[in-house]
Amino acid sequence: MADKPSQQSLDPSRRRFLKYTGTAIGGVVVGGVIGSAMSGGFKKNTAVPSTSPTPSGTPQEHLASDYNQAPMFFNQQQLQITEAAAERIFPKDDNGPGAAELGVAFYIDHQLASPWGVNARTYRMGPFVKGEVTQGDYLSIERHELITMGLNSLEETAKSKHSKGFVDITPEEKDAILTSMEKGEISVVNGITGKTFFNQFRTLVMEGVYSDPLYGGNKNMAGWKMRKYPGNQMSYITIIEKDQFVAMEPRSLHDHFVH
Amino acid sequence: MATKMPKVPVVIVGMGWVGGIIAAELSKQGTKVVGLERGKPRGTADYYMVHDELRYASRYDLMQDLSKETVTFRNTDKVAAVPMREYGSFLLGEGLGGASVHWNGQTLRFLPYDFEIHSKTVERYGKQKIPEGMTIQDWGITYDTLEPYFDKFEKLAGISGDSETNPLIGKRSAPFPTKPMVKTPILKLFEDATKKLGYHPYMMPSANLSEQYTNPDGITRAACQYCGYCERFGCEYGAKADVIVTALPVAQKSGNFELRSYSNVIQVLNDGKKASGVVYVNTVTGEQFEQPADVVIMASYVFNNIKLLLTSKLGKPYDPATGKGVIGKNYCYQTNGGTASGFFDDKTFNLYAGAGSLGMEIPDFNGDNFDHSNLNFLHGAGIRISQTGQRPIATNSVPKGTPSWGKDFKAKSLKYANSVISVSPQGSSLPWRHHYVDLDPTYKDAYGLPLPRITFDFEEQDRQLIKFVAGKAAEIMKEMNPTTIGSSDQLGPYNIVPYQSTHNTGGVIMGADPSTSAVNSYLQMWDAENVFVVGASAFAHNSGYNPTGTVGALAYRAAEGISKYLKSGGMIV
Ligand SMILES: Cc1cc2nc3c(=O)[nH]c(=O)nc-3n(C[C@H](O)[C@H](O)[C@H](O)COP(=O)(O)OP(=O)(O)OC[C@H]3O[C@@H](n4cnc5c(N)ncnc54)[C@H](O)[C@@H]3O)c2cc1C
Ligand code: SF4
C-alpha cells in the first residue's frame, strides 16, 4: 500500500473511500457511526478538513471513546454499503436514530465474524439439494458468503442501473433495488436468490437495532429507548399488574455486571 | 471396541424432564441408576447473563447443536427429505435438563376425551365420522387412572393455577399447589370478553411459581419475577420448574444416582426380546462405552427415542404402505394458526414484562367440548392470551398493509410496540396413516447413524379446524375492542421454517393392543419387557394443549411400572 496521501488520491477506489467517509461529499453518508469514526480516523493522517457535520459530537470525541469499535470482518466498502442499506430498512425519523447511527453495520460485521457467520451450529453434511419452500433454505454457502455476495449484488445493480455505487444513489433508488431484492428479482448467487439475502439482511438489521449493546448495535440503548423497552431488568413484580404504562430507564447487560 | 462398564439395575438415556423424574423416583427407593446425557451439565448459576435475546432466543444458545445431529423432513413420501439445517419449526433440547430448562412452563392436562378419543368419537358421532386414513386410537389408559400421576407432577413442579376447577376440563383430586399467576390488564380484557361471550376462561396452569413453594421432597423455590425472559432462556431464580431445580437434587441426594454428561447413546443392545444395556460415545474423547443394565429407559425425546429403536432394531418398524408395525407410527405435531391480533390506538400495556406461562385460556372449543355433528373436523384448540414478555427483536407487529421495512414499518412497529396483543388458538394434531418418522436413507449424524426422517403435512382436517377456531379468536378479540384487528383463518402446508412449537409427539405410542401400539400404559415395550420408552413419543395423537403436563404424568406412571418390573419382572398390568 502506498503510504503518501498524494499517491493515494490517484487510486479510484481510494477516492471512493474518501467519498464514502463523508470527507469529500457530506450528506451522502447519513451521519452514522461509520461515517464519523472513519472520517475522523482518516482526517488525522491526511489533514483533510471535515466538511460533514456529524450529528453526535465531533469525530475526535467518537474516536477517543470508541476504541472498542472497528470492523472484524468487512472491508470498508462492504461496511459502507451495509450501513447505507440498513439505514433504508430502519431509517432515522422523528422517533429517533436509524440503523446507521445505532451502529447496525458494526453489529452485522461482528456477527459475520462470529460462529453464527460460519454456520458453526448448523447441519453441514451433504448432499446439498434444493427442496421445496416448506423444507427450508438450502444454504450451500455460509452466511458470511451470502451477505457479502448480496452486498456485491446491491453494488453491481446500482452501478448497472445508475452508474454509481449503492452508497451514492438516492434513497428512492436504494429502496427500489432493495425491493427487487426482496421480491427475488435480483439473483445473488446460483440458486440463492436475492430474497434469501434480503430476508437474512433484514433480520440482521432488526437484531442490530434491538440486541444488547454488547454486540455493537443499539448504540447507547437508543433502539430500546425509542420503543420504551427497558432492556435487562431483574424484576417486574411491582409493575406487572399496573393499568398504566410504566416507562423506565433501560438497563443493559453491562449494568448487570458493574454493581 | 467399547469399554464395558460394571452392570447397573437401571440406565436412562437422556436427562430432560422425563429422565430426571424417573431417576429421582427410582434412586429415592434405593435403586442404582445411571443417567446418560449427551450434552453438558448446567444449572441456575449459568443464567446470570441470561437476559440476552440475541444469544438465547435468536441464536438458540441452549438448544441442540445441529452440526452434530438434526432431522430430515418432507411433506409427503413423493419427495425426497432434506435436513433441517438450521432451527425453525421446533427447538430440540440438549444438555442437563433437556428442554425443561428453556420451556415456557405452560402445564395443562389433556382432556378425559383425549385418552379415549376413538371410543368417544364413535360413541357420539358414529364410526363414519372418522375420515379414511385418520388413525386415531385410544391410549390404553383413562384420564381417571392417570389423574394421580398428574397430581404428582404438579406437586413436584409447584404448578400455579385457579382454585376452582373449570367444568370443561378433567376433574382434579387436589387443588393446584400454588395460587394462580397475577391477572394483568390484558388478561382481564380477555376474561371479560370471553365471559361476555358465555365461555369459561381460566388462568393458565403455570410452572413459573406464583409464590414461594416447598414441594413434597422438601425443595423450596422462589417466586417468579415476571422478568420477560422465559421461553428459550433458563431461569436465574429457579422459579421456573425445570428438572435441575426439582427432581435432580432428589436423585443426587439419594446417593444412588450417577450422572454421566457428554455421553451420547448410539445403540440399545438387544436380542430382539430383551435389552442388555446401551453403547454410548464420550463426545469429548470419542471413546465408546458399553453400559450393561437390567432395565433400559429411553427418555431422549421423540426423535431420538424413535431413531435409536429403529437403528438398534428393537420393535416392529412402521410401514405406511400396509399400516402395520408401530415404531414411527402416528407422528403428530401442533396445529397453530388463526391468531387474531388487536392493535390499540388508545391503550398501552406493560408488554415488556411477563412470564412464560402467564396467560388465560378457554377450553370451550377444545377436544369434544362442543358439538362436531355439523363440522368437518374432529377435536379443536385451546384459545388463549398470553403475556410472555414482548422482546424487541422478535416482536414487531404492524397492522395489515404496512410494509415490512422502511419508514412506515419503523413508525408503526414503534407505535404498537406496547399496544398490540393477540388471541391464539393452539390446535390439536390428529394422526394419519401417511404421517410417520423413519430413518433417512441419505443423511447421517456425527456418529454415522441415519437421521430420523419426518413425513408430515397439515391436512384438510387441520385447515377446517383452524378456520373454525380463527373465527372464535377474532370474535373474542373484537369483544376486547381494539382499534384494528389482524387475523387470518387460512392454514398453508406444514413448513419447517417458521417456529411453531416444540410439541412433537408420537412414534412409540401407548395402547392396549400390541399390534397397534409400541408400549403399554406403563410405557413398557410390548416387544422387550425391560425397555421403557417414555415421553411425548407415547402420545397416540396430540391434543390442543402443550404436552408436558401429560408427559410428566406419564413419567411418574412409568417410574411406578419400572419399580414393579424390578421386583416381579414380566409385563406390568
Ligand atoms: C422453546 C420451548 C418451549 C416449550 N414450552 C413448553 C410449554 O410451555 N409447555 C409445555 O408443556 N411444553 C413446552 N415445551 C416442551 C417441553 O420442553 C418438552 O415437552 C419436555 O422438555 C420434554 O421432556 P423430555 O424429557 O421428553 O425431553 P427433553 O427435555 O428434550 O430431554 C431429552 C434429553 O435427552 C437427551 N438426548 C437425546 N438424545 C440422546 C442420546 N442419543 N444420548 C444421550 N442423551 C440424549 C437430550 O440431550 C435431552 O437432554 C417447550 C419446548 C421448547 C423447546
Ligand atoms: S418469567 Fe419468571 S419463571 Fe420465567 S425466567 Fe423470568 S423469573 Fe423465571
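## A cis proline in chain A

A:Pro127 sits in the loop between helix 7 (104–112) and helix 8 (143–162) of chain A; helices here are DSSP runs of H or I with at least four residues, strands are E runs of at least two, and both are numbered from the N terminus. The peptide bond from A:Gly126 to A:Pro127 is cis, with omega near 0°.

Keep in mind that this is a predicted model, where local features need pLDDT of at least 70, side-chain atom pairs count only at pLDDT 80 or more, and totals for chains, interfaces and linings use all residues. Residues are numbered from 1 along each chain as its sequence is written, chains are lettered from A and ligands numbered from 1 in written order, and side-chain values use heavy atoms, with hydrogens and water left out.

## Positive phi values

A:Asn220 isn't a glycine, yet has a positive phi of about 55°. It lies in the loop between helix 10 (194–210) and helix 11 (222–226) of chain A. With a relative accessible area of 58%, A:Asn220 is exposed (exposed is over 50%, buried is under 20%, partly exposed is in between, using a 1.4 Å probe and protein chains only).

Over in chain B, B:Arg232 has phi near 85°, again positive without being glycine. Its loop runs between strand 8 (220–221) and helix 7 (247–254) of chain B. B:Arg232 counts as buried because its relative accessibility is 15%.

## Around B:Tyr113

B:Tyr113 belongs to helix 3 (residues 112–115) of chain B and is buried, at 7% relative accessibility. Leaving out residues up to four places away in sequence, B:Tyr113 touches B:Lys120, B:Thr121, B:Gly367, B:Asp368 and B:His379, contact being heavy atoms within 4.5 Å. Its C-alpha atom is 9.5 Å from that of B:Asp138, 25 residues away along the chain.

## Where the chains meet

The contact involves 73 residues of chain B and 71 residues of chain A. Together the two chains bury about 5,700 Å², 55% of it on carbon and sulfur atoms; this is the accessible area (1.4 Å probe) that two parts lose on being put together, summed over both. B:Arg85, B:Tyr352 and B:Trp405 supply 16% of what chain B buries against chain A, more than any other three residues.

The rule finds 3 salt bridges across the interface, each a side-chain nitrogen of Lys or Arg within 4 Å of a carboxyl oxygen of Asp or Glu. B:Glu86 pairs up with A:Arg143 in a salt bridge, with the closest N and O atoms 2.6 Å apart.
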